[in-house]
Structures are given as structure tokens and as C-alpha cells.
Amino acid sequence: MEFSSTSKPIIASNISPESIQEYRKEISTLPKENGWSQFQDLCSYQDFWFYPIFLQGAMFARDHFEAQASDIFLCSPMKTGCTWLKALSFAIATRTQFDDSNIPLRTTVPHDCIPFLEYGEYSTAAGPKIPLIASHLPYTCLPRSIIDSGCKIVYLCRDPKDTFVSMWHFFRKIVENNKPGEGDLVSIEEAFELFCKGLSSHGPYWEHVLGYWKASLERPGKILFLKYEGMVKDTEGCVKKLAEFFGCPFSLEEERDGIVQRIIKFCSFESLSNLEVNKTGKQVKKDAFVDNSAYFRKGKVGDWRNYLSAEMGERLDNIMEDKLSGSGLTFRISPQE
Ligand code: A3P
């Protein structure tokens with residue numbers, strides 16, 4: 001995979017003030033529900049719930065983004081491990097150019113190494129500077145050219161209980177940081193009720209997962225479907241799978257030289273979360289900022305047990321089982337696992 005070593009994170013949004021006005025107008029006509037805080041409603045768009053901040057870019061991409069066949073998309077619902085997937089993917093794809101000492105991930109948060117489609121962080125004039133682009137958009141909301149061009153897609157999802165807990169903490173931090181003293185996020189119990197009704201950013205969660213799951217069955221060579229828990233359990237297998245999927249498999253020599261292990265270690269939670277940029281840096285997105293540290297909380301499977309009762313867990317598992325029934329996909333962990 002060719003990466004230009006001079007390519008920089010693309011941080012300027014391409015969305016003009018006029019377009020923003022147009023999209024704001026379009027968004028204002030959408031059905032709305034109370035979100036998880038008093039600051040932003042969730043808007044219903046193409047059968048999914050979105051915060052307006054994500055919708056403007058999605059609409060711009062819908063109208064203007066032209067995928068190149070060589071683009072590879074890293075898609076995921078929020079809080080399923082996208083930061084980790086970006087770091088691993090970047091390290092895999094640039095491994096012949098960088099080592100641990102000079103890799104941009106050392107000084108740049110993974111989100112600025114691989115851009116997000118919804119933030120307009122790509123160049124429509126010259127095509128993307130790097131072939132990896134991330135998105136939280138549901139499959140059916142992706143710009144048509146991504147599907148028509150036959151682009152490859154990696155999809156990452158996660159146990160909904162851990163995803164929910166991770167999301168609640170993340171939004172609480174954003175609200176606290178950006179609106180200090182002006183109110184709070186709803187309680188975790190209230191947010192849980194909303195999540196179970198499908199009311200969450202890019203939700204319903206099960207519809208997001210099902211869309212990509214079905215697409216991965218229809219287009220197996222084009223969509224690689226991963227779970228966070230699987231990545232934790234067999235990181236080496238996943239890293240090799242990703243490299244093969246990207247079209248740059250590890251050679252025997254690279255494996256012998258420990259390159260796979262080097263990438264895994266560098267991108268581990270412990271390593272990334274202890275880098276200065278991820279401990280103290282900030283990302284400014286639209287009108288809000290996010291501390292980079294908010295992307296690194298615990299990185300544990302099953303942390304939901306510290307925040308939700310067993311009954312709440314069972315309830316969400318049952319909802320998922322019902323919604324996914326007949327699809328062949330499950331998030332229930334078997335007793336052997
Ligand atoms: P927790 O909140 O459960 O700790 P996203 O990157 O999609 O926003 O997801 C964030 C979740 O991924 C957080 O989960 C975060 O801690 C975890 N995460 C971030 N970096 C990770 C890494 N290198 N390895 C494993 N998990 C990681």
C-alpha cells in the first residue's frame with residue numbers, strides 16, 4: 001500500500017458556510033427526539049438517529065464525495081474501538097516507511113492519521129491523500145459511490161453493553177468539557193432506556209450492525225466484519241487478516257523479524273494511552289473539542305458489569321437477540337469463550 005510520507009493529516013473541512021446553511025435547513029425539517037443531553041436533539045435521517053454535528057458532513061459526503069476504487073473504509077458505530085482500528089491499520093499500511101521511532105502515531109492522535117468522511121476531511125479535487133478513510137455512517141447512508149466503486153470496507157462492532165457504557169462516558173466527558181456548569185448528560189439509567197429504544201448516536205445500534213453484517217454476507221471479499229472482542233482475543237490473527245485485506249500481507253521475513261508483534265505492542269491500549277499526545281492533546285472538531293484521552297478509557301471487555309445491573313445486561317442481550325434473530329450474528333458469549 002502506497003502512503004506518501006509527506007501526506008499530512010487533512011484537518012481543514014471542505015464544507016463551505018453556504019453548504020452548512022443548506023444542510024442546517026435540511027436538518028431542521030427532520031423529525032427529532034430528545035438526545036442524551038439538553039444541548040442536542042437526535043434527528044431521524046434515513047431510518048437512523050444522528051446528532052446534527054455528524055449529519056452535516058454526512059450530507060456533504062452524500063452530495064460531493066467521489067470514492068476511488070482503491071479507497072478502503074474503516075466503518076464502525078461509535079465507541080466500538082475505531083481508534084484502535086485506525087492505529088493498527090495506519091501502522092500496518094505504513095510499516096515499510098516508519099518504525100516505532102518515527103511513526104506519526106507517536107505524535108498524532110489516530111483520528112488525525114486517518115480522516116473521518118463525515119468531517120469533510122478529504123480532498124474531492126485530487127482524491128484522498130491516503131487510501132484509508134473512516135466513517136461511523138450506517139451502510140445504507142454511505143455515499144453511493146463507495147458501494148458502486150467496489151471499495152473495500154472493514155467493519156468493526158462490539159458487544160452492545162460495553163459499547164453503550166463507553167458511549168455514555170464519552171458523551172459525559174464532552175458535555176462536561178464543552179458546556180461546563182450548564183447541565184449534564186442524562187443519567188446512565190436514562191441513557192440506557194434511550195439506547196434500548198434505538199435512540200443513540202447512529203442508532204439503532206442493532207440496525208447499524210445488521211446493515212454491514214448483511215452486506216458482508218453478500219460481498220464477502222469486499223467487507224471484512226470484525227468484533228472488538230475478537231480483536232482482543234486474537235489480535236495477531238486480526239492484524240494479519242487486516243494486512244491481507246488491505247492487499248499488503250506480511251511476508252515470512254516480516255513475521256520472522258517480529259513486525260506483527262511490534263505493531264500490536266505499539267498500538268496496544270497501554271502504549272497508545274501513555275503517549276503524550278494522547279494524554280494531553282485535544283482535537284477540535286466543528287464547534288466542540290475532545291480531549292484525546294477521552295478515546296482511551298479502559299479498553300476492557302465486560303466493563304459494563306461495573307455500571308449496569310445483570311438485569312439490564314440481560315435486557316439488552318435479549319433485544320439484540322430478537323433484532324438479530326435469523327441473521328446468523330450473535331453477541332452472546334458462549335460458556336466456552
Ligand atoms: P472503553 O470506553 O470501554 O474503555 P472508539 O475508538 O470507537 O471511540 O472506541 C473507544 C473504545 O475503545 C474505548 O473503550 C477505548 O478505551 C477503547 N480503546 C481505545 N484504544 C484502544 C486500544 N489501543 N486497544 C483496545 N481498546 C482501545
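The following dialogue discusses a predicted model and the reasons behind some of the terms used for it.

Student: Why is Lys 79 called buried?

Tutor: Buried means under 20% relative accessible area. Lys 79 has 12% relative accessibility, so Lys 79 counts as buried.

Student: Why is Gln 46 called partly exposed?

Tutor: Partly exposed covers the range between the two cut-offs, under 20% for buried and over 50% for exposed. The relative accessible area of Gln 46 is 39%, so Gln 46 is partly exposed.

Student: What makes the phi of Gln 46 worth a remark, and where is Gln 46 placed?

Tutor: Phi of Gln 46 is near 50°, which is a positive value in a residue other than glycine. Gln 46 sits in the loop between β2 (42–45) and β3 (48–50). Lys 79 also has a positive phi, near 65°, and is likewise a residue other than glycine. The loop that holds Lys 79 lies between β4 (72–75) and α3 (82–93).

Student: What is said of the peptide bond from Gly 203 to Pro 204, and where does Pro 204 lie?

Tutor: That bond, from Gly 203 to Pro 204, is cis, with omega near 0°. Pro 204 belongs to the loop between α7 (188–196) and α8 (205–218).

Student: Which residues come nearest to the ligand?

Tutor: There are 18 residues around the ligand, and Lys 79, Thr 83, Ser 166, Lys 298 and Gly 299 come nearest. The shell divides into 8 nonpolar, 6 polar and 4 charged residues. The largest share, 3 residues, comes from α3.

Student: What distances are found for Cys 82 and Lys 298?

Tutor: For Cys 82, a polar backbone atom is 2.8 Å from an oxygen atom of the ligand. For Lys 298, a backbone N or O atom is 2.7 Å from an oxygen atom of the ligand.

Student: How much of the ligand does the protein bury?

Tutor: Taken alone, the ligand exposes 570 Å², and the protein buries 97% of that. The elements that give two or more residues to the shell are α3 and α13 (269–273).

Student: What is the order of the strands in the open sheet, and which are the edge strands?

Tutor: The open sheet of 4 strands has the order β5-β4-β6-β7, with parallel pairing. Its edge strands are β5 (132–135) and β7 (223–227), since each pairs on one side only. From one strand to the next, the twist averages 20°.

Student: How do you know that β4 and β5 pair?

Tutor: Two strands pair if at least two bridges are found between them. Because 4 bridges join β4 to β5, this pair meets the requirement. Leu 74 stands opposite Ala 134 in β5. By the same test, β6 (residues 152–157) pairs with β7, because 5 bridges join them. These two strands run parallel, and Val 154 stands opposite Leu 224 in β7.

Student: Why is β7 called largely enclosed by the rest of the structure?

Tutor: Of the 5 residues of β7, 4 are buried, so β7 is largely enclosed by the rest of the structure.

Technical notes:
Residues are numbered from 1 along each chain as its sequence is written. This is a predicted model: local features need pLDDT of at least 70, side-chain atom pairs count only at pLDDT 80 or more; totals for chains, interfaces and linings use all residues. Side-chain values use heavy atoms; hydrogens and water are left out. Buried means under 20% relative accessible area, exposed over 50%, partly exposed in between (1.4 Å probe, protein chains only). A residue is near a molecule or strand if one of its heavy atoms lies within 4 Å of it. A polar contact is a pair of N or O atoms within 3.5 Å; within protein, one must be able to donate a hydrogen and the other to accept it, and residues adjacent in sequence count only if both atoms are side-chain atoms. Accessible areas come from the Shrake-Rupley method with a 1.4 Å probe; for residues, only the protein chains shown count as cover. Ala, Val, Leu, Ile, Met, Phe, Trp, Tyr, Cys and Pro count as nonpolar, Asp, Glu, Lys and Arg as charged, and the others, Gly among them, as polar. Axes are lines fitted to C-alpha atoms, for helices over the stretch in contact, and angles run from 0 to 180 degrees between N-to-C directions.
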